[in-house]
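Please work through the exercises below with the sequence and the 3D structure open beside you. Each task is followed by a solution that goes step by step.

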Amino acid sequence: MSSKPYRPKAIATFNAVGIGLSQAGLRSSLEPESLIKAARKKTGLQAFGKESFREPLRMLVDAIEAEANLHPFGRWVMRGRLVGLLATRLRVNDLFTRYPEIAKEKIQAPLVIAGLQRTGTTMLHRLLAADPDNRALLSWEAISPAPDPKQKTGERDARIKQAEIAEKGLKYLAPEFFAIHPVEAEAPEEDVLLMEFALMSQVPEAMMRIPSYSAWLKTQNAKPVYQYLKKLLQLLQWQRAGKRWVLKTPAHLEHLDSLLKVFPDAKIIQTHRDPTRTTASFASMMTHGYGIFSDQIDAQEIAAHWHGNNARMMARALKVRAQKPESFMDVSYYDLIKDPMPQVERIYNFAGLPITEAAKAAMQASRKTNKQNKHGKHRYELADFGLSHAAVKADYANYLDKFQIPSE
């Protein structure tokens, strides 16, 4: 695989100008106090409530400065993202202060899809989200969970337009990305994007090389992250109600213990597939993501980092499962692809839920809309990333044996 990132001409020009400005001492500031000041100016708000984000923000910024090798456009985007995260935290604190009833919203027995990447999680998530009784996080909500204070009653939510612009921007910057993971403004999205607002999630390391932040993150207690996730789910549910949440992200595998402390009645569905078939595809996805923000990309280093991350997540997940097996059920990727509806019925039985005719009809309609590979096929081999089948199988040996996962 080529390690030279795709670069649209306009972005290349932006970078050329930006390099000159950087050499003159002018570049986008990532200093925490500068980011905080900008967020306060953007919102007109001052109070964050608990400022638990300060240490994670400092760790993240230090890692970006020392390790990420961002080009000028990447740096400019990253500043905007961080200011946006802090602005959202200000708005969330303000809303919970002005509307204390938000904190009384109950997040009951969420369905949580937590399989490794490329194991059918997106397909299953969109299928379950089609049930009118289920409440999924939509992409535009993940980007902006707090309502726009300037929004007028009766108008289309301005946050949807913002997400549509972001979708078009991603297609422009990395057109191959959608064949790996579709990102659509009004479609269900991973709740790891909400976890990013705690400044302690896998999202930053999915965009850039920040090994010191990644190492620090592994030493932290994840319970506060899930407490903030619950807070954002309460806020979103207050805006748009639903009987039950359907959550999804592979990142949950690393912190199932914290997830179950905050959501003790969660029903967790783990999807399974041969990791020798998924590892290369995910490594390619990460390489494309890094290439949006930096010109210095080492595909093999990225693959090694995420392979190690995923193997570690799976080992942690197996330990939690052994302690609380009643909270888990398993779905084979191969059964899901063959015919998803029997698997859906198994999930509803596991959760003790009825599946209505309206839900079945909506799911069948979803299957027609969300066809596999609708954005194109995407294939890479392990060898493209310096990995071997034998090494991957060895690192997942306990997992493969426990769930009797077939080789593809």
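This is a predicted model: local features need pLDDT of at least 70, side-chain atom pairs count only at pLDDT 80 or more; totals for chains, interfaces and linings use all residues.

Residues are numbered from 1 along each chain as its sequence is written, and side-chain values use heavy atoms, with hydrogens and water left out.

**Exercise 1.** Classify the ring pair formed by Phe 73 and Trp 76.

Solution. Rings of Phe, Tyr and Trp (its six-membered ring) pair if their centres lie within 6.5 Å, and planes under 30 degrees apart count as stacked, over 60 as edge-to-face and the rest as tilted. The structure holds 10 aromatic pairs. In the pair of Phe 73 and Trp 76 the centres are 5.9 Å apart and the planes stand at 35°, so this pair is tilted. Both residues belong to helix H4 (residues 72-98), where they are 3 residues apart, about one turn of the helix; helices here are DSSP runs (H or I, at least four residues), numbered from the N terminus. For accessibility, buried means under 20% relative accessible area, exposed over 50%, and partly exposed in between (1.4 Å probe, protein chains only). Phe 73, at 10%, therefore counts as buried, whereas Trp 76, at 48%, is partly exposed. Ring pairs also bring in Phe 14, which is linked with Phe 73 and Trp 76 into a cluster.

**Exercise 2.** Find the ring over whose face Arg 273 lies.

Solution. A charge sits over a ring if NZ of Lys or CZ of Arg is within 6 Å of the ring centre and within 35 degrees of the ring normal. Arg 273 lies over the face of Tyr 333, at 4.0 Å from the ring centre. Lys 402 lies over the face of Phe 403, at 5.7 Å from the ring centre.

**Exercise 3.** Describe the salt bridge between Lys 360 and Glu 357 and the setting of its two partners.

Solution. A salt bridge is a side-chain nitrogen of Lys or Arg within 4 Å of a carboxyl oxygen of Asp or Glu, and by this rule the count comes to 25. For Lys 360 and Glu 357 the closest N and O atoms are 3.7 Å apart. Because these residues are 3 residues apart in helix H17 (residues 357-369), about one helical turn separates them. Lys 360 is partly exposed at 25% relative accessibility, while Glu 357 is exposed at 60%. Elsewhere, salt bridges that share partners join Glu 33, Arg 40, Glu 51 and Arg 54 into one network.

Methods: Helices (H or I, at least four residues) and strands (E, at least two) are DSSP runs, numbered from the N terminus.
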